[in-house]
Amino acid sequence: MSEHGLQAVVEPTGEDELSGYLDLLAAIGQDFAMSLDVDETLRISLTRIMDYLDAAAASIFLLENNDTEIVCRVSVGASDITGLRLKYGQGIVGQSIAEQASLMVRDVRSDPRFNRSVDEKTGFTTRSILCAPVSVNDLYLGAVEVINKRGGDGLFEESDRQALRALAASAAMAIRNATLTRSLIEQERVQRELELVAELQQSLLPKPQPAPFPVHGINMPARTVSGDFYDYFALPDGRIYFDLGDVAGKGVQAALLMAKASSLVRCLGKTVHDPGTLLGMVNREICETAARGMFVTMVVGLYDPATGRVRLSNAGHEPPLHLMPDGHFDNFAAEAPPVGVSADLFPEGKFPETEFELGDGSLYIFTDGMTEGRVTGVGQLGIDGVKSYLTDFADLPIEERLEVLANKFIEPGVPLHDDLTILVLEKRD
Amino acid sequence: MEHEVREEHGLSIAAFRGDIDFNTSPEARRVLLELVENRQDLMVDMSSVDYIDSSGVASLIEAFQSAKTTGSRFGLVAVSPPALRVLQLAHLEKVLPIYDSVAAAADA
């Protein structure tokens with residue numbers, strides 16, 4: 001719809017006409033108030049306008065295709081031209097829209113702007129045309145056109161032109177309101193569906209486990225749905241699998257891949273007790289089936305409480321940090337690219353692993369929502385900021401610690417910069 | 001982000017300048033995929049890339065994967081230090097062919 005600067009103005013010429021307009025305006029207003037079906041309501045209103053002006057036919061043209069075309073949306077009376085498509089500015093109706101002017105052509109035969117091809121197709125004979133732009137302030141929607149006055153000398157009068165301008169303004173308001181209402185309903189529907197996706201995502205995250213279970217996690221989506229995930233589950237022999245991932249991209253596409261990646265780890269992890277081999281299998285599956293350019297950075301680990309040893313495989317993810325009781329940090333940089341980039345990477349498809357002693361330290365795995373997250377008064381936290389927070393809050397109980405850390409990134413009224421997910425592994429009594 | 005496409009040493013060179021991020025990566029993706037779909041051997045000149053985020057990396061990966069299926073060459077040349085850090089963090093420098101210069105890519 002165009003934006004220019006005209007407004008349809010009611011210019012009644014006499015008392016009788018005024019009361020006529022007002023009755024008709026009131027009737028049209030009620031038509032629109034009662035219905036969300038714009039086409040049907042336009043048809044009813046257009047019939048009222050046609051009858052009021054004693055015309056043989058009437059139609060409403062609306063701008064389409066970035067205002068390059070005008071299309072007859074509704075047509076009533078002797079000549080049905082619904083669906084007729086004209087170029088912007090074409091014909092008398094096109095000129096009425098382009099110039100935002102109400103036009104009256106008393107005898108079209110002598111007017112070069114008149115487009116005869118329509119009459120040739122319909123078999124209808126157009127004699128006179130009255131057009132008025134349909135617009136609300138700066139929002140240009142189209143035009144209403146009435147054809148051939150039936151009574152008298154068959155020609156429209158100046159008072160008809162002014163009446164049509166007023167009626168067109170009322171139609172414009174109604175079309176705009178109905179369009180706004182429809183888009184609001186659509187937005188609400190999309191939002192409801194996103195909330196269902198978010199609910200499903202939350203159900204994929206593991207439930208918190210009480211001590212002595214050694215893993216705890218937190219996830220805060222930046223929008224309704226998230227591309228981050230974490231999971232943990234115990235094997236029958238007591239070892240514990242844990243994983244955390246971040247899908248490149250946002251929105252529903254990322255949410256779907258997140259669901260797939262996390263389900264693959266959980267399902268394969270029950271039989272494949274080897275993080276590197278497991279990541280290799282997930283990689284091949286995702287390379288085979290995910291859309292090109294979609295990838296997941298992820299870390300998968302297997303912790304054995306009996307020995308205190310951790311086996312870790314990192315596919316393109318931010319290095320996990322191992323904080324020792326003396327305040328020293330070890331980090332485990334990625335030794336493989338993210339999952340989903342290339343299927344044929346390592347011999348036998350096994351991703352590299354590292355093994356270390358957890359000791360009395362804490363292993364933190366987190367997404368870039370933490371390193372790139374913004375904290376009030378600090379700005380982007382960066383890896384040094386993350387380390388400093390982890391040191392500061394090391395003495396808090398595990399659940400409270402993750403809450404406090406995550407809350408550092410929350411500023412009332414400001415959406416999160418990115419999804420934020422943190423997972424911690426440590427011995428608990 | 002700005003870009004230009006040129007021919008050098010028999011290779012198509014797509015040079016990007018500025019940030020390849022969530023807002024600009026769709027444009028980078030369009031440029032790269034169009035060249036790859038024309039089965040041209042493509043090198044991305046990243047000497048003037050100030051910043052690249054995961055959506056920018058995703059555009060490179062998608063072009064790399066598409067080039068694999070069409071059988072044409074794809075690689076990065078003269079990657080700026082900030083962009084290289086991002087690629088190294090994700091260990092992607094081991095997957096995406098990276099060359100010091102267009103001449104080095106042509107000789108490879």
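In chain A, 66% of the contacts with a separation of 6 or more are between residues 24 or more positions apart, two residues being in contact if their C-beta atoms, placed from the backbone, lie within 7 Å. The model is predicted: local features need pLDDT of at least 70 and side-chain atom pairs count only at pLDDT 80 or more, whereas totals for chains, interfaces and linings use all residues. Residues are numbered from 1 along each chain as its sequence is written, and chains are lettered from A and ligands numbered from 1 in the order in which they are written.

Chain A contains 10 helices and 19 strands (DSSP runs of H or I with at least four residues, and of E with at least two, numbered from the N terminus). Its radius of gyration is 34 Å, well over the 22 Å given by the globule rule for 429 residues, so chain A is more spread out than a compact globule; the radius is taken over C-alpha atoms, and the rule is 2.2 Å times the number of residues to the power 0.38. The C-alpha trace of chain A spans about 105 × 45 × 35 Å along its principal axes.

The contact between the chains involves 14 residues from chain A and 15 residues from chain B. The side of chain A that touches chain B comprises seven nonpolar, five polar and two charged residues (Ala, Val, Leu, Ile, Met, Phe, Trp, Tyr, Cys and Pro count as nonpolar, Asp, Glu, Lys and Arg as charged, and the others, Gly among them, as polar).
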